[in-house]
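Please keep the sequence and the coordinates at hand while reading.

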Amino acid sequence: MSLPKLRPGDRLVLASHNKGKLAEFQELFEPFGLELISAAELDLPEPEETGTTFAENARIKAHAAAQGAGMLALSDDSGLCVDALNGDPGVYTADWAGVPRNFDHAMKRVEDALQAANATSPAQRRAYFNATLCLAHPDGRDVLYVGKCDGMLVWPPRGENGHGYDPVFMPDGYDITFGQMPAEMKHSWSRGNQGLSHRARAFAQFVEHQIER
């Protein structure tokens with residue numbers, strides 16, 4: 001579905017209250033000269049994520065922000081999907097961290113589940129991150145962009161960078177985790193380059209279709 005392309009100076013609402021995710025988006029958007037404002041800065045409430053897929057939850061968040069702010073809004077619904085756990089935690093990735101969010105607890109919970117499944121070899125610890133971006137217009141139109149990054153899970157956690165499950169996720173082709181990578185390596189995004197992280201790969205598609213060249 002066609003939506004207006006963004007140009008330098010345009011305002012865009014980032015439909016998130018997650019500080020780590022907002023920081024990543026700020027880094028990704030830096031070259032484009034957009035005025036970014038978060039749903040948290042606008043005091044918009046966080047909608048209840050009742051979807052059972054990344055796409056459904058991304059749409060819920062983007063449309064809530066677009067209608068609440070009266071302008072284009074971009075959301076991200078992302079998560080860790082572990083093969084040996086039948087795709088869990090998936091859309092419930094953040095929920096596994098409890099309230100308030102404790103991702104040390106979440107990573108241990110995933111590791112305990114892998115041990116219970118006797119998933120000890122690298123081949124048995126395959127996982128991927130999924131990021132689904134939704135750009136929504138206040139009139140109800142939207143468009144989705146999906147990025148995926150394959151890898152494996154390690155234990156114990158390694159590194160202090162990133163957020164969420166980054167310290168236990170080692171992307172294919174690397175011998176360090178997202179938690180050990182500087183932001184520029186994790187994103188490794190530029191025009192014509194899809195980037196490394198799931199979010200960077202979804203963002204590359206977004207840029208190609210939604211940002212005026």
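Which residues have the most contacts inside the largest nonpolar core? They are Leu 12, Leu 14, Phe 29, Leu 74, Leu 135 and Phe 206, in a core of 24 residues. A nonpolar core is here a set of buried Ala, Val, Leu, Ile, Met, Phe, Trp, Tyr and Cys residues joined through side-chain atoms within 4.5 Å.

The model is a predicted one, in which local features need pLDDT of at least 70 and side-chain atom pairs count only at pLDDT 80 or more, whereas totals for chains, interfaces and linings use all residues. Residues are numbered from 1 along each chain as its sequence is written, and side-chain values use heavy atoms, with hydrogens and water left out.

## Overall fold

The chain contains five helices and six strands, and along the sequence these follow the pattern β-α-β-α-β-α-β-β-β-α-α. The radius of gyration is 17 Å, close to the 17 Å that the globule rule gives for 213 residues, so the chain is as compact as a globular protein of that length. Helices (H or I, at least four residues) and strands (E, at least two) are DSSP runs numbered from the N terminus, while the radius of gyration is taken over C-alpha atoms and the globule rule is 2.2 Å times the number of residues to the power 0.38.

Along its principal axes the C-alpha trace spans about 50 × 35 × 30 Å. Of the 213 residues, 48% are buried, where buried means under 20% relative accessible area, exposed over 50%, and partly exposed in between (1.4 Å probe, protein chains only). Among the contacts with a separation of 6 or more, 58% are made by residues 24 or more positions apart; contact means heavy atoms within 4.5 Å.

## The nonpolar interior

In soluble globular proteins, nonpolar side chains tend to be buried together. The largest nonpolar core has 24 residues, and the elements that give two or more residues to this core are strand S1 (11–14), helix H1 (19–29), strand S4 (126–136), strand S5 (142–153) and helix H5 (198–210). H5 gives the most to this core, with five residues. A second, separate core of 20 residues includes Val 82, Leu 85, Ala 119 and Phe 129.

Leaving aside neighbours within four places in sequence, Leu 14 is in contact with Leu 22, Phe 25, Phe 29, Leu 36, Ile 37, Ser 38, Ala 39 and Leu 74. Leu 72, in the loop between H2 and S3, is buried at 12% relative accessibility; with residues up to four places away not counted, Leu 72 touches Pro 4, Leu 6, Leu 12, Val 13, Leu 135, Ala 136, His 137 and Pro 138. The C-alpha atoms of Leu 72 and Asp 142 are separated by 9.4 Å, although these residues lie 70 residues apart along the chain.

## Two aspartates

Is Asp 166 buried or exposed? Asp 166 counts as buried, at 3% relative accessibility, and its place is in the loop between S5 and strand S6 (169–171). Beyond its neighbours within four places in sequence, Asp 166 is in contact with Glu 24, Phe 129, Asn 161, Thr 177, Phe 178, Gly 179 and Lys 186.

Asp 150, by contrast, lies in strand S5 and is partly exposed at 32% relative accessibility. With neighbours within four places again left aside, the contacts of Asp 150 are Arg 126, Ala 127, Tyr 128, Phe 169, Pro 171 and Asp 172. From Asp 150 to Pro 171 the C-alpha to C-alpha distance is 5.9 Å, across 21 residues in sequence.

## Backbone geometry

Most residues other than glycine have a negative phi, and most peptide bonds are trans.

The peptide bond from Asp 88 to Pro 89 is cis, with omega near 0°, and Pro 89 is found in the loop between strand S3 (73–82) and helix H3 (103–116). Another cis peptide bond joins Trp 155 and Pro 156, with omega about 5°; Pro 156 is placed in the loop between S5 and S6.
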